[in-house]
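Dear colleague,

I am handing over the structure below, together with notes on what was found in it. Please read the notes with the coordinates open beside them.

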Amino acid sequence: KLNATTKAISDRLGKEGYAFANVNASPEIDKEKRKVAFTIFVDPGKRVYVRRINVTGNTKTRDEVIRREVRQMEGGWYDADKVTASKQRVDKLGFFSEVAVETPAVSGTSDQLDVNLNVTEKPTGNLMLGVGTSSTDKVILSGSIAQNNFMGSGNNVAVQVNSAKTYRTYVFSYTNPYFTQ
């Protein structure tokens with residue numbers, strides 16, 4: 001419970017911009033009454049600001065696709081919850097196999113840090129081919145190709161073709177998840 005309490009205090013200070021807060025508990029032991037009292041010392045340190053948000057590892061996906069998911073703002077107070085939410089939102093895009101966040105302090109200052117987002121791209125395309133038979137159409141051919149991160153824009157594009165003796169279907173799909181901001 002004590003560890004949870006000190007972590008909760010540290011997390012709360014982290015939400016307010018005190019990224020390097022120091023929270024320690026000091027025990028006072030009463031051997032006669034067999035009790036221990038704890039004094040919690042809190043040193044919030046200086047309020048920390050985010051100097052830059054750096055994105056690395058995105059060889060295909062554009063910076064703007066990643067940055068629109070980031071909730072922590074450059075120049076604002078550091079907020080640990082916003083940094084965590086940013087990591088989760090970038091991960092939920094589905095374009096990356098790994099998303100890592102680092103918050104190194106800026107050398108030469110005691111009240112600034114950078115947020116470094118390092119991503120590892122993964123394949124986002126899909127190709128399907130199919131052949132079937134039926135009593136009326138004999139042979140049925142189908143195929144589709146889909147790209148969930150078309151040209152690194154975060155948009156989804158898909159083309160599908162189904163062909164048989166009695167019918168043909170052509171489908172083109174384009175989805176922009178941020179059509180409106």
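Strands S4 and S5 pair in the antiparallel sense over 6 bridges, where two strands are said to pair if DSSP finds at least two bridges between them, and where helices (H or I, at least four residues) and strands (E, at least two) are DSSP runs numbered from the N terminus. Within this pairing, Ala100 has Asn118 in S5 as its bridge partner. Please bear in mind that this is a predicted model, in which local features need pLDDT of at least 70 and side-chain atom pairs count only at pLDDT 80 or more, while totals for chains, interfaces and linings use all residues. Residues are numbered from 1 along each chain as its sequence is written, and side-chain values use heavy atoms, with hydrogens and water left out.

The two strands belong to an open sheet of 3 strands, ordered S3-S5-S4 with mixed pairing. Because S3 and S4 stand at the edges with a single partner strand each, one side of each is left without a neighbour in the sheet. From one strand to the next the twist averages 15°. Helix H3 lies across S4 and S5 and runs at about 165° to S4; axes here are lines fitted to C-alpha atoms, for helices over the stretch in contact, and angles run from 0 to 180 degrees between N-to-C directions.

If neighbours within four places in sequence are left aside, Ile66 is in contact (heavy atoms within 4.5 Å) with Val55, Asn58, Thr61, Val90, Phe96, Leu117 and Val119.

The structure also holds 6 salt bridges, each a side-chain nitrogen of Lys or Arg within 4 Å of a carboxyl oxygen of Asp or Glu. One of them joins Lys15 to Asp81, with the closest N and O atoms 3.6 Å apart, and it links distant parts of the chain, since Lys15 is in helix H1 (residues 2-15) and Asp81 in helix H3, 66 residues apart. Another is formed by Glu69 and Arg89, whose closest N and O atoms are 3.1 Å apart; Glu69 lies in the loop between H2 and H3 and Arg89 in helix H3, so the pair ties together parts that are 20 residues apart in sequence. Glu69 is buried at a relative accessible area of 5%, whereas Arg89 is partly exposed at 31% (buried means under 20%, exposed over 50%, partly exposed in between, with a 1.4 Å probe and protein chains only).

Finally, Thr124 lies in the loop between S5 and strand S6 (125-134) and counts as buried at 10% relative accessibility. Its side chain is joined to that of Gln147 by a polar contact of 2.5 Å, a term that covers a pair of N or O atoms within 3.5 Å; within protein, one must be able to donate a hydrogen and the other to accept it, and residues adjacent in sequence count only if both atoms are side-chain atoms.
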